[in-house]
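Subject: Structure handover

Hello,

Here is the structure I promised you. Please open it beside this email and follow along.

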Amino acid sequence: MSVSGTVISVFRGGCAVVFDEQIHELTLTGSSAVQALVLAVGDEVTFDPDRGVVESQAPRRTELARLRPQAGRQRRTGGAKKVLAANMDAVAIVMSVVDPPFRSGAVDRFWLAAVEGGLEAILIVNKVDRVGQGELPDIVEAYKSVLPVFETSAKGGQGLAELAQGLRGKRTVFAGHSGVGKSSLLNSLQPELRLATGEVSSKTGKGRHTTTAAQWLRLPGGAIVVDTPGVREIATGSLDEDALEQVYPDIEALAHECRFRDCRHDTEPDCAVANAVAEGSLHPGRLESFAKLREEIAALASEARRT
Ligand code: GDP
Ligand code: ZN
């Protein structure tokens, strides 16, 4: 018999799969094609539940990946990218307003990784209980014109109902640095099914060493939310300027009004983007973070050409 299930954690030589609300621990044995599979959380696989072996992997709809474009490192690590989550619909970028402070550079990097993998992005601004009314960082307002933004307090409960609504019917992977409140948010969303990979009963579990358990949660309304440790360290190594444009739709819209078609929004005269910043209609942080990411992409691209 063969059934299909969803991978919720991956370890050396095997994976844990959820099927029929049960976790099955499977090995990658048998054909060399199966042994060579590189699975990620969210992958769909067919497997034989009696033998506990993976039989095949379905093609992916989306991939959230950490890219490693540097040629030198690529040779050493034996691969250009590491897929952290497959078949997700959205990335929820989680930031806190304080402790740690809100960082738009980090938001934009996670968003870029989402765009490149074919996922939507939403922004969760957590710990709003820590600041007074109207004291959110200005840049949060700027994000409201380009992303769905949810202001939440995992502690006080603010915004959680709206967030649950926003997650409905989708598969969302949570991304954000340590300490922003991801675990607290997931705990307060009150899942109807919670599978933590730490709970996997170890039939085959030799050589498995998960430091932090990934979580796979189903919320009312069919939402699936995934928290997987690797996503916390995501950093883009993108070479893709087109993806960059999608992360700065506000700047792109203004760029049509610049005098020069190839305006870099740097020191050019009649730059609509610089004018918008001067007038206060575009937050300066948006342009700063755009310029920084563009520079990084250019540096990576020229390094890739040299090597
Ligand atoms: P994670 O590393 O992103 O999973 O963050 P945690 O959920 O472990 O939270 C880090 C710290 O922030 C903990 O001390 C939490 O109690 C605290 N925290 C999380 N959410 C909130 C919140 O909405 N308000 C406040 N005041 N503290 C929070
Ligand atoms: Zn310009």
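Start with one term: a helix here is a DSSP run of H or I that is at least four residues long, and helices are numbered from the N terminus. Keep in mind, too, that this is a predicted model.

**The ligand**

Which helix gives the most to the shell around ligand 1? Helix α6 does, with three residues. You will find α6 at residues 182–188.

The shell around ligand 1 holds 16 residues. D129, A154, G179, S183 and S184 come nearest. Sorted by type, the shell has two nonpolar, eight polar and six charged residues.

Now look at the polar contacts; these are pairs of N or O atoms within 3.5 Å. S183 has a side-chain N or O atom 2.4 Å from an oxygen atom of ligand 1. For K127, a side-chain N or O atom is 3.0 Å from an oxygen atom of the ligand. V180 uses its backbone instead: an N or O atom there lies 3.4 Å from an oxygen atom of ligand 1.

How much of ligand 1 does the protein bury? Taken alone, the ligand exposes 580 Å². The protein buries 73% of that.

Next, find helix α3 at residues 104–117 and helix α10 at residues 284–306. Their axes come within 10 Å. They cross at roughly 55 degrees. The crossing is right-handed.

**Two spots in the loops**

Go to P100, in the loop between β8 (90–96) and α3. The peptide bond from D99 to P100 is cis. Its omega is near -5 degrees.

Then go to D20. This residue sits in the loop between β2 (14–19) and β3 (22–27).

Best wishes

Technical notes
Residues numbered from 1 in each chain as written. Chains lettered and ligands numbered in written order. Predicted model: local features only at pLDDT ≥ 70, side-chain atom pairs only at ≥ 80, totals over all residues. Heavy atoms only, no water. Near = heavy atom within 4 Å. Polar contact = N/O pair within 3.5 Å; in protein donor to acceptor, adjacent residues only side chain to side chain. Areas by Shrake-Rupley, 256 points an atom, 1.4 Å probe, with all protein chains shown as cover. Nonpolar A, V, L, I, M, F, W, Y, C, P; charged D, E, K, R; others polar. Axes fitted to C-alpha atoms, helices over the stretch in contact; angles between N-to-C directions. Left-handed = near helix turned anticlockwise from the far one by under 90°.
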